[in-house]
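Good morning, colleagues. Please take a moment with the sequence and the structure before I go through selected features.

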Amino acid sequence: MSDRTRRARRTPSGPELSRRGLLFLGASGLAAVPFLGGPTPAAPGGGLRTVGDEENVLDLKDFGARGDGVRDDTRAVQRLIESSARRKQIGMIPKGTYRITASLLVPSGTQLYLARGARLLKDWVAPVGLQDALLRNADLSQPLTGVQITGPGTMGARDHTKTGVVIGLYGHDVLLRDLTIDTYSGGQAIMYAGDRGRIDKVTIRNSAEETGTGGIRVFGGSDFLGTNCHVESGDDCYQFVPIGNPLAEPALYNQSIARGRFVDCTGLSTVSRFMVALLEFTGGEPGTTDMNASVTDCAFERCSGAATNRGIVVKNSHSTGSIERIAFTDCTVDMAGAADASTQEIRIQTDAGTGGAITGVTFTRTSITNPVNSILRVGGPNISGLTFDTCDFAAPSGAAPLVAVVDGASGVTFRGCSFSGTAKNATGVATSKRLLVAGPTAPVTNLVVDGSRFTDIGNTFFGVDVMSATGATITGSTFTALAGAATARAVRVLPEAANVVVERNDVSGISHAAPVLDRGVGTVVAANTGA
């Protein structure tokens with residue numbers, strides 16, 4: 001486990017916050033975050049403080065809450081929430097366990113602070129949807145404004161039988177900070193849509209190990225920012241995914257997402273994926289209510305974690321809209337826990353029947369570590385402008401025979417990447433894999449391989465296997481065979497390929513007399529060192 005992951009998982013420590021202490025925090029804590037909707041005056045030493053005297057903080061105990069984990073405190077907490085919004089004051093939830101038996105309805109302007117040792121305990125069985133979230137909009141069709149839920153306290157279910165979403169909010173200028181969601185099942189820990197939302201330093205843990213129990217899902221809006229979070233979920237950890245079921249949430253179905261970012265986030269998916277951007281139909285009758293939502297200009301930056309069934313997925317299978325300009329920068333996903341099956345750790349996929357597109361997706365210094373299955377599968381149509389810059393494609397240790405495959409796509413570039421052709425399997429035996437394969441089932445166009453390294457190419461295999469392509473260019477790259485692999489070659493061009501250029505590569509690490517096998521039409525092979 002990395003140091004950054006350990007830091008993200010630490011529980012904050014320190015004294016319990018008093019009502020008076022809440023009013024005069026220093027540069028760290030609640031008052032260090034300006035309240036949305038208005039300025040907050042500076043405190044001595046550069047910190048920020050709330051306005052007014054001690055009575056500007058509302059204490060949950062004054063609303064009749066017991067906090068013993070036995071008595072039903074739903075009504076008391078609801079009154080605190082409503083008073084906070086109406087009076088524009090901070091509602092403080094002090095140390096204690098507050099048993100909640102129905103959704104807490106959050107109006108615009110609510111400011112809640114969960115003190116250390118405070119826990120909102122969800123204690124009812126609910127369906128998966130937003131209607132039964134622990135905290136949610138009163139009217140899910142109307143966006144909130146200016147809601148803040150902060151503090152080192154926790155919220156979550158009594159146990160995994162108490163299913164449903166924990167926080168489900170649709171609104172603008174929403175802040176979730178420092179809190180922990182502990183214990184949940186059968187829904188997302190956080191579902192959020194709206195403009196200018198911020199989720200910072202939130203920890204999610206003790207998820208049921210099942211699909212459908214995810215981490216943080218952004219399902220609509222623009223200018224979202226998630227920072228320094230840690231998610232341990234059963235299903236997908238970090239998500240840009242519009243709601244794809246018109247029957248479940250008709251008011252929130254099919255919203256587009258723009259300019260969202262997850263930065264410096266860590267975590268683990270125990271049964272599924274780590275980072276996803278998806279447009280898919282998840283219920284109802286596909287074709288009767290078409291999706292046209294898009295996900296554009298979103299990014300994952302310096303995010304690292306682990307997954308078990310694909311690490312990164314960009315998929316448009318049900319929307320006539322598009323996924324455009326998605327960036328993965330300095331991210332890693334450890335797939336050591338994946339099953340030994342021929343799936344893919346990075347999957348970029350569209351559906352031919354929908355007509356939706358994926359374009360402009362970039363991977364920069366982003367890699368899969370400890371792969372078991374194939375690293376990459378791109379499967380079009382309508383996929384274009386993919387760039388892999390300085391990424392590592394290690395050979396999988398499982399039975400998967402391929403490292404990376406590109407099918408039915410246009411304008412795919414591998415620049416400064418490294419590909420390895422062998423890995424040791426579970427018994428410690430080195431097995432060879434096919435490295436980069438283009439067009440095994442659907443033609444690709446304008447493939448570019450530039451300045452990349454292909455090592456440990458096994459017997460009868462090729463560094464780049466151009467099976468069906470038009471206009472592929474392979475330049476400035478180096479190719480090295482596995483020791484003793486006399487029949488390994490650098491590049492193969494099959495008859496289904498046309499106008500392929502193979503030039504200025506270093507093939508001196510290939511002992512075969514013909515390192516480039518050319519059967520295509522109009523292939524150019526020139527200025528290759530060692531040929």
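Predicted model: local features only at pLDDT ≥ 70, side-chain atom pairs only at ≥ 80, totals over all residues.

What percentage of the 531 residues in the protein do buried residues make up? Buried residues make up 57% of them, where buried means under 20% relative accessible area, exposed over 50% and partly exposed in between, with a 1.4 Å probe and protein chains only. Residues are numbered from 1 along each chain as its sequence is written, and side-chain values use heavy atoms, with hydrogens and water left out.

The protein has three helices and 55 strands. These are DSSP runs numbered from the N terminus: helices are H or I with at least four residues, strands E with at least two. Of the contacts with a separation of 6 or more, 76% are between residues 24 or more positions apart; contact means heavy atoms within 4.5 Å.

Let me turn to the sheets. Strands of a sheet pair through backbone hydrogen bonds, either parallel or antiparallel. Here, two strands pair if DSSP finds at least two bridges between them.

Elsewhere, β7 (residues 118-122) pairs with β11 (residues 154-157) in the parallel sense over four bridges, and Leu121 stands opposite Gly156. Strand β11 also pairs with β14 (residues 180-184), again in the parallel sense, over two bridges; there, Met155 has Ile181 as its bridge partner.

Next, strand β35 (residues 374-384), which includes Ser374. Is Ser374 buried or exposed? Ser374 counts as buried because its relative accessibility is 7%. A polar atom of its side chain lies 2.8 Å from the backbone oxygen of Leu402. Beyond its neighbours within four places in sequence, Ser374 contacts several residues, including Thr343, Pro396 and Leu402. Pro381 is also found in β35, and a cis peptide bond with omega of about 20° joins Gly380 to Pro381.

Arg325, in strand β29 (residues 322-329), has a positive phi near 55° and is partly exposed at 42% relative accessibility. Thr390 has a positive phi of about 55°, lies in the loop between β36 (387-389) and β37, and is partly exposed, with a relative accessible area of 39%.

Lys201 sits in the loop between β16 (198-200) and β17 (203-207). Its relative accessibility of 42% is why Lys201 counts as partly exposed. Cys265 is 64 residues away along the chain, yet the C-alpha atoms of Lys201 and Cys265 are separated by 8.8 Å. Leaving aside neighbours within four places in sequence, Lys201 is in contact with Asp178, Leu179, Thr227, Asn228 and Cys229.

Methods
Polar contact = N/O pair within 3.5 Å; in protein donor to acceptor, adjacent residues only side chain to side chain.
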